[in-house]
Structure formats: C-alpha cells, structure tokens
Amino acid sequence: MTTPEKDELEVIEGLLRHELAWPALFKLMRDPKSENRFDLMIAVVQKMVTWDDPILLPLGENLFIVNKKGKAIIKTRAGAELCAWTENWKMKCRVIIRKKLSDLKKVFPAEHLTIDPTLVELREWICPKSGMLLDVDCVPPTYPVEIDFSPDLKAFYEDWLKRKLPVKL
Amino acid sequence: MSKQLNLLEHLDRSEALFEKTGHYQGLKKLALHDQDPLHFEAFHSRLLSTIISVRETMKYIASSPAIRDFEEFVIGLYTPEGDAIALSTGIMVHVHTLSEFIKFMIRNDYENDPKIKPGDIFENNESWAGGVHTPDVMTVIPVFHKGELIAWIGSVAHELEAGTYEGPGMSVFSPNRYGEGLHISAEKVGENDNFRKDYLLRLKMNLRNSNWWTLDDKAKLSGCLMIREALKGIIKQFGFEYYKDATKELIEEGRRNFVKRVKTTMVPGTYRGMQMPVHKRSHIPAMHPLAQNDFIDLVQNEMTITREGHIELDFEGSTGWSFHPFNCAVGPMNGGFWITLTQLLNYDGRVNDGAYLAVKQYLPEGSIVNANYGGAATSLAWWTLIPIFANVWRMMGISWFARGFIEEIILSTPTCIAGVSGFDQYGNETGYTNFEMAGESFGARGVDDGLDCGSPIWNSEGIQGDAEVWEMTGPNVYLGRSFVTDHHATGKFRGGAAWESLWVVKGSRLVNVTLTASGAHNGGVFHKGLFGGYPAPGWKCFWARGTNFEQIVARDGKVPSSINEAEQMLENGILKAEEHYVGPLNTWSPNLEEGDLFGVNYNGGQGYGDPIERSRARIEKDLSKGLISAQHAKKAYGYTKTEAGTDRARTKIKERRLKESVPAQQWWRSERKRAANGDVGQVVSETFARSAKLSEKLKDEYLEFWNLKKYPYTETGAADFQATTPTGFYFPQSPQKPYVKKGSKGASK
C-alpha cells in the first residue's frame with residue numbers, strides 16, 4: 001500500500017462526506033479511474049468511524065467487513081458486531097416488516113400509495129445499536145431473506161489488489 | 001473477404017480463435033495500436049465522427065417524432081462476421097442485437113439464399129433473429145470492396161406504431177406473437193439501394209401509420225449509404241489492410257479496456273437481486289382466454305464478477321414464459337445487458353463488441369428470460385428487462401461503493417406509458433406510443449438525488465419532447481404536465497420526482513388508450529433501493545369517459561391539470577363522468593371521445609441511503625420547489641424548521657424504529673409457521689409454484705432458510721403443457737448452467 005497524496009485524500013474525503021462542489025465532482029466523474037481509490041476511500045472512512053478495527057470492505061453506507069483480531073466480521077457504523085463475514089447479517093439485525101396498508105402508510109404518503117401488501121412486503125433491516133436503517137427489502141411474503149453481496153475477499157485482495165489478505169478466512 | 005472462406009467459415013474461425021486464445025480474432029498483441037497509437041486513434045475518431053454526424057443528418061430525413069424529436073435510433077459499423085466496431089450515440093440497446101441479426105443471416109446461409117449482393121437491404125424486428133420487439137426495426141446493408149464483403153452497416157429505429165392488436169407500438173395484452181404486430185423476420189427488403197415496392201406496399205397495408213415506418217426506413221437506409229460512401233474515403237486514406245486489421249484491434253482493445261475497468265472499479269464476488277413485476281389482466285374486459293389472469297414474473301438474478309474481471313448474470317430460479325408480451329429471448333436480454341454496459345462501464349468512447357466477449361448471461365431455457373415457445377410474444381419484453389437491468393445497475397452500485405467509486409452509482413427508473421389508438425384529429429386511423437416517457441426521472445445517485453425529469457434506462461439521450469409535438473401527433477391536448485408533490489422514493493439521496501401528464505381527447509370521436517408501467521404497476525414495486533433507500537410509493541393511471549369537460553370549459557370553470565386534481569374533482573362532483581378509473585392497474589380504456597380524459601404517472605426510481613441522513617438543505621430545496629410538503633418532510637425525513645429540532649426528530653425516529661422492530665430471529669420464528677403453511681395470497685403462491693416448476697433453486701433456498709421439509713406451493717394456476725422450440729433454422733441461444741444444490745456433490749466443482 002502506498003501513502004496517499006494529501007490533496008488526493010482531501011478530494012476523496014470531500015467526495016465521501018458529500019462536500020465536493022459540482023466542478024470537482026464532475027472532474028472526478030470524467031477523470032480516468034484511479035487505481036488507488038480503494039486505499040484513499042478506506043483511509044477516509046476509517047477516520048469517519050469511531051472504532052479501530054481495520055475496514056476490509058464497505059458493504060453499505062453504514063455496514064462494513066472489518067478485521068477483528070484476525071477474523072473478518074460484519075460490523076455496523078455504530079459498532080454493532082453482527083456476525084462472521086460469510087453469514088447472513090440481516091438475520092442478526094432488528095427488523096420491521098410492513099405487510100399491511102397501515103404499516104406502509106407510516107412511511108409513504110397515503111394519497112400516492114398503491115403498493116399492494118398482499119403481493120409485496122417491505123422488510124426494514126435496522127442496526128440493533130443505533131436504529132439506523134441498513135437496508136430495505138421489497139419481496140413477496142415468505143420469500144427467504146438474502147444478502148445482496150458476498151464478496152470474493154481472497155480474489156480481491158490477492159489477485160486484484162496484489163496484497164496479502166490481512167485475515168484468515 | 002478472402003476468396004477461400006465464405007462468411008460462415010469466417011464466423012466459425014473467429015469464434016474458434018476466441019475460444020482458443022481468449023482474444024478477439026486471436027489477437028494477443030495490438031500491433032497497429034502499439035506501432036502508432038496516434039494514427040490508430042485518428043482512425044477510430046474518423047470512424048466514430050463519421051457515424052455520429054451521419055446520425056444527426058438522419059433526423060432530417062426521418063418522419064416519426066420518435067426519431068426526429070426523441071432520439072430513438074442508432075447506427076453502427078460491423079465486421080463481416082457481424083461484430084460491432086463503432087456505434088453512434090442513441091439507443092445502445094442495439095450494439096449486439098444488430099450483431100445477432102447479421103450472424104442470424106450468416107448462420108442461416110443467406111449467402112446462398114437469398115444471396116448477399118452489393119446494394120441489398122435487409123431488415124428485421126424478429127426476436128428469433130436477435131431483435132428485441134416488433135417496434136425496434138433494424139435495417140442492415142452489406143459493404144463490398146473490390147468484390148469482397150468487408151463490412152455491414154446497421155441502423156435501428158423505434159417505431160411508434162407496429163401494427164399491434166391494440167394500436168400502440170408495443171402490445172400490452174397480446175397473449176402471443178400473433179397480436180404483436182408486423183414481423184419482418186430477417187428479410188431482404190430491397191436491392192440496388194432501394195426498398196422493394198412489394199415491401200413498401202406491405203407496410204402500407206399492415207400499419208396504421210405506415211408513413212412513419214416508411215420514412216424512418218428511408219432515413220436509416222440513407223444513413224447506411226452515407227457511411228458506406230464515407231468508408232471509401234477512410235479506406236483510401238488509411239489503406240484497406242489497415243482498415244481490416246485495425247477494426248479487429250479496436251474490438252480486442254474494447255475487450256481489454258472493459259476487463260481493466262471492471263478490475264479497477266469493482267469488487268469480485270456474487271451479487272443478488274430479485275425483481276417481481278406484477279401483471280394483472282383479469283380486470284380487462286374481453287381479454288383473450290389465454291391471457292385472462294393475474295401473475296407475478298419472479299426473476300432471480302445473480303451477478304458474478306469473476307476473478308478474471310468478467311461479469312456473468314445467472315437467472316436460475318426465475319418463473320417460466322407465459323401467454324403475455326413481457327417474455328424475453330436472447331435478443332432482448334442482450335439488448336438489456338448492453339444498455340447497462342454502455343451507460344455504466346463502457347461509456348468512454350470505445351463502444352463495440354469487445355465488452356460482449358467479457359460478459360456472459362445464463363438464461364434458463366423456458367424461463368421468462370429465455371422463452372422457448374415459437375409463438376412467444378416479446379412486444380413488451382421491456383416490462384421484464386427494465387426491472388431486471390435496473391436491478392443490475394443497483395448491484396453494480398454496491399460494487400462501486402465497496403471500491404470507493406461512489407460517483408459511479410446510479411439507480412434507474414421504471415418506464416410508464418400511455419398508448420393511443422383509434423382515429424386521429426385528421427380523420428385517419430392511428431396508433432402510437434407517447435414517448436414523453438423518455439424524460440422519466442432517474443433513481444438516486446451515490447452522490448446526488450435522482451435527476452428530476454431525466455432519461456430512462458433504455459436511452460441515455462432520451463428526452464421528454466415538446467408537448468406541442470405530441471398534440472400534433474395524436475387527438476389529444478395536454479391539460480397538464482407537472483411534477484407530483486410528495487411522490488419520490490425517499491433516501492439520503494432521493495429518487496427523481498414523479499411527474500404526470502393529463503390529456504383531454506380533442507378532434508376525435510373514437511379513441512382508446514392503454515396505460516401501463518414496468519414493474520411498478522398493479523400494486524408491485526419496481527425493485528428495492530440501496531443501503532436503506534425506499535422505493536417510490538406506487539404508480540397510478542386515469543381515464544374518464546362521458547365527462548362534462550366541455551360544460552366546464554363553456555362556463556369558464558377550472559379544468560383539472562393533474563390526475564390527483566381530476567380525482568378530487570370527480571369526488572366533489574365538479575367533474576362528472578359516466579365511468580372512470582383511477583388506480584394502479586394497467587388499463588385498456590373503453591372508447592373515448594372529444595372531452596374525455598386520460599392521464600399517466602411517471603414515477604422515478606429508488607432512493608439511496610437512510611432517509612434520516614438526508615441533508616436539511618436538500619429538503620428545503622425540495623420544499624421551495626413544491627416537490628415535498630412540510631408534512632411529508634417531517635414524516636419521511638424528520639425535518640423541522642430548526643437544525644436542533646430536526647436532530648431531535650431523527651433521534652425519535654431511531655428510537656421508534658428500535659421500539660417497533662423485533663430481532664430478526666424472533667420474526668423468523670413467528671413467520672416460519674406462515675412459511676410452512678404457505679399462507680400467502682393466491683398470486684404469490686402461484687408465483688412460487690411456477691418458479692419451482694422450472695427450477696429447484698427457489699424451492700431449495702426456501703426450505704433451507706425456513707428450515708422446512710415440505711415446500712408448500714404446488715398449484716401454478718397455469719395449464720400444464722409443453723411448448724416446442726422452433727426448429728429448422730438457427731437462432732441465438734444462451735449457454736446453460738445446470739443448477740447444483742448447495743452441499744451436493746456437484747456443488748464443490
């Protein structure tokens with residue numbers, strides 16, 4: 001891993017904090033995609049969380065795979081340690097199921113609401129520590145709970161980033 | 001083309017070389033590129049600028065508003081084997097569908113019969129020959145140099161009218177291909193650079209608005225001929241051998257760049273998405289008996305980014321094809337994949353078939369994504385493609401997020417349409433799809449809200465167009481075209497705001513409308529948002545027959561300007577109608593006439609991130625524009641007039657979530673009883689049964705997740721029969737990936 005340039009780091013910090021002005025953001029969109037973006041992003045996000053476990057891969061705005069004493073686990077931004085990185089993290093969260101019209105009206109404007117809860121239910125996956133929303137699924141009732149992304153950490157670190165994976169899988 | 005090999009042999013040789021080496025045409029080195037990169041770039045620029053400028057000229061020849069005003073066309077250059085070299089801007093869906101059409105002709109031995117000669121014109125809108133659906137009409141010509149076929153030039157335009165049963169270009173209610181309009185099944189339709197008279201007469205007799213199709217055909221042909229002439233100059237400048245070799249290198253370079261981009265910006269692994277477009281037709285009077293049902297097309301979609309940087313889509317577990325026009329075949333699925341690749345990964349100049357060599361789709365035979373019934377309709381394949389590939393955009397967003405490229409994340413949007421049929425204000429028979437939907441609002445982005453009134457997934461250059469053009473096109477006048485307050489998908493970044501149009505029938509005594517949407521209608525949800533973002537609240541359409549509209553105008557009264565306003569005026573009796581419908585069901589109106597009303601909502605795509613992380617500045621901007629009410633801003637975002645008050649409201653929302661929620665395991669224990677008994681509505685129950693009929697995947701996952709032994713869903717609600725796949729000709733096929741149950745012996749392979 002190389003040490004990121006200070007100005008590069010500032011740009012990516014601005015990007016991730018959503019503080020970049022449009023010309024800078026537009027430039028970033030148009031520029032060739034930088035090969036050190038991952039390292040810059042990790043450096044910034046690591047500063048934005050309150051815990052020290054090294055982030056291996058972000059899974060969402062408030063969800064990460066981290067290195068916890070040599071093991072890869074899934075942890076929320078607020079610090080809830082949910083499960084091993086290969087497990088179904090949603091089943092370690094709290095959940096609100098919206099399966100009636102009255103449930104849906106709590107989050108949607110009634111005059112526009114046409115979702116039929118006999119066909120689709122909303123499942124809101126919630127961080128058990130902070131109450132932050134981690135994901136919202138829209139599925140037919142009884143559809144199994146699935147996670148959206150199972151990364152190939154080994155291929156990513158060893159083949160693509162060309163570095164040793166810092167955890168034992 | 002070498003005298004020794006015919007086209008089929010060249011195609012076989014090209015595919016064998018790729019299979020053997022992993023490089024297009026076996027090109028392990030890009031000799032011309034490496035020798036003089038600037039000369040190589042100049043060559044590519046010359047090709048690309050020629051093609052793009054020709055496309056601009058074509059607009060002035062075309063007739064239909066679809067081309068002239070709404071950019072629904074594309075033109076490109078292909079190798080003798082049918083591989084895309086360079087494409088104009090426009091509907092990128094057809095990078096590879098044109099390729100499949102050319103390969104269809106080669107593999108079905110068109111070289112011998114009907115023969116491929118200089119000046120020939122070939123046309124296709126047939127999904128068995130690589131097309132997407134009947135309105136997308138492809139025109140292709142061969143290019144010869146000293147007696148050798150050296151290239152193909154192809155163009156596609158979307159026709160607003162295609163001779164469908166209902167009238168608009170895309171059929172909503174046809175049970176099979178026999179109602180989806182005029183098929184041009186990979187045919188020779190012209191010679192000596194002219195369309196044949198019998199072909200033009202066929203258009204005249206089989207279409208309601210044949211002038212659109214005919215003049216668009218002439219625009220496409222003119223474009224092809226202009227590029228053919230320009231190629232002579234390019235070959236003269238660069239040399240014939242350079243042209244032949246450099247075009248191959250461009251494609252191999254495209255493949256390499258694609259893999260490099262994937263490896264630079266994404267993360268390998270498996271991504272999952274599920275779409276469930278709901279289709280209801282039992283409420284439509286006089287539906288065909290084969291089609292009088294309500295159902296969900298469940299599409300299970302796994303995207304794998306491999307260690308090698310390739311992208312694979314697998315649809316195992318999806319429900320089967322059925323008697324409706326929403327089926328997909330290999331052609332439509334290739335089209336859907338291409339609009340994803342060209343807009344999200346391959347957008348910086350080298351759009352060609354190189355990327356196709358680094359992607360793969362596994363489309364289970366007989367499923368909704370690979371209908372194998374010869375009579376399957378694909379007229380509205382987009383009603384399946386749009387949710388599928390919008391969800392692929394979402395999955396790619398997860399990958400860019402993980403790698404730190406959040407500026408690349410974009411969510412797409414459902415497409416909603418109003419189709420008009422009957423007799424127009426000029427007394428002529430008419431039928432057309434109102435393509436203002438090409439200005440639909442985006443879903444949210446990773447760095448911003450979805451664009452309000454942007455473009456749809458299927459045309460990155462799509463535009464809403466002028467209302468006046470549509471008023472000239474058909475017998476209707478706009479009463480309103482406006483954003484809908486409180487109608488967007490919420491999130492840290494919200495989906496683009498919904499907008500809607502309301503029309504009054506003008507100048508016609510006989511017109512009817514079809515109103516429908518992709519995945520968001522009939523009570524369905526388009527697909528989920530990202531990282532806690534919500535979907536939009538739903539879709540709505542409207543028609544009213546036998547109104548007192550003219551009396552309201554006569555007394556200078558206020559006329560409705562939106563669907564909700566019309567609904568309120570009907571409720572309070574100011575607006576009267578003998579009958580009307582307002583709601584989320586796709587609809588075929590009764591015959592309407594002067595003074596009757598219809599309208600459609602175009603809802604935007606999904607939200608991104610937890611809504612309570614939305615900045616107050618963004619909410620205040622929406623409040624000032626009237627896109628959100630203070631009441632909804634409080635409910636959805638915890639917004640109050642002060643920062644401290646907003647913080648307190650958001651803290652309360654989080655506390656309420658924790659209080660109202662239960663541990664997932666607790667929910668699982670209570671829900672398991674329901675899952676064991678299959679205690680769901682009939683439509684959902686039949687959907688699960690239809691999926692299990694075609695594949696064990698969903699069934700196995702269901703039993704494993706709920707820890708059950710018996711799958712409760714057995715009744716499909718569909719007739720038990722087998723359909724036969726067409727025989728006697730080559731058509732594009734998909735590789736199959738047999739399902740292997742987790743934990744079985746085959747699973748470790």
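Reply: pLDDT is the predictor's confidence in each residue, on a scale from 0 to 100. This is a predicted model. For chain B the average pLDDT is 94, and 99% of the residues score at least 70. The model as a whole has ipTM 0.97 and pTM 0.96.

Start with helix 20 of chain B, residues 697-706. Is helix 20 enclosed or open? Buried means under 20% relative accessible area. Seven of the ten residues of helix 20 of chain B are buried, so the helix is largely enclosed by the rest of the structure. Those residues are B:K697, B:L698, B:D700, B:Y702, B:L703, B:F705 and B:W706. Their cover includes helix 18 (664-677), helix 19 (682-694) and strand 11 (299-305) of chain B. After the helix comes B:N707, with a positive phi near 55°.

Strand 11 of chain B, part of that cover, spans 299-305. Residues with those numbers turn up again around B:I311. Beyond its neighbours within four places in sequence, B:I311 is in contact with B:M303, B:T304 and B:I305, among others. Its other contacts include B:F258, B:V262, B:M266, B:F337, B:L345 and B:M396. B:K360 is also one of the contacts.

B:I311 belongs to the largest nonpolar core, which has 213 residues. A:W89, B:W152, B:I311 and B:M396 touch the most other members. Helix 11 of chain B (residues 382-403) gives the largest share of this core, 15 residues. A second core of 49 residues is separate, and includes B:L47, B:A86, B:A162 and B:Y242.

Next, the contact between the chains. Chain B puts in 93 residues and chain A 79. Together they bury about 7300 Å², with 62% of it on carbon and sulfur atoms. Twelve salt bridges are counted between chain B and chain A. One is formed by A:K33 and B:E408, whose closest N and O atoms are 2.7 Å apart.

B:K492 is buried because its relative accessible area is 12%, and the cut-off is under 20%. Leaving aside neighbours within four places in sequence, B:K492 is in contact with A:H18 and A:E61 from chain A. From chain B, its contacts include B:D449, B:Y608, B:D610, B:E613, B:R614 and B:R618.

Finally, two strand arrangements in chain B. Strand 3 of chain B (residues 121-124) points B:I121 and B:E123 one way and B:F122 and B:N124 the other, and all are buried. Strand 3 runs antiparallel to strand 6 (residues 187-191) of chain B, joined by three bridges. It also pairs with strand 4 (residues 136-145) of chain B, antiparallel, over three bridges. B:E123 has B:E187 as its bridge partner in strand 6, and stands opposite B:T139 in strand 4.

The other arrangement is an open sheet of four strands in chain B, in the order 15-14-18-21, paired antiparallel. Strand 15 (429-433) and strand 21 (587-588) of chain B are the edges, each pairing on one side only. Strand 14 (residues 416-423) of chain B pairs antiparallel with strand 15 over five bridges.

Conventions: Residues numbered from 1 in each chain as written. Chains lettered and ligands numbered in written order. Predicted model: local features only at pLDDT ≥ 70, side-chain atom pairs only at ≥ 80, totals over all residues. Heavy atoms only, no water. Core = buried A, V, L, I, M, F, W, Y, C linked by side-chain atoms within 4.5 Å. Buried < 20%, exposed > 50% of the residue type's maximum accessible area, 1.4 Å probe, protein only. Contact = heavy atoms within 4.5 Å. Pairing = 2+ DSSP bridges. Buried area = accessible area lost by both parts, 1.4 Å probe. Salt bridge = Lys/Arg side-chain N within 4 Å of Asp/Glu carboxyl O.
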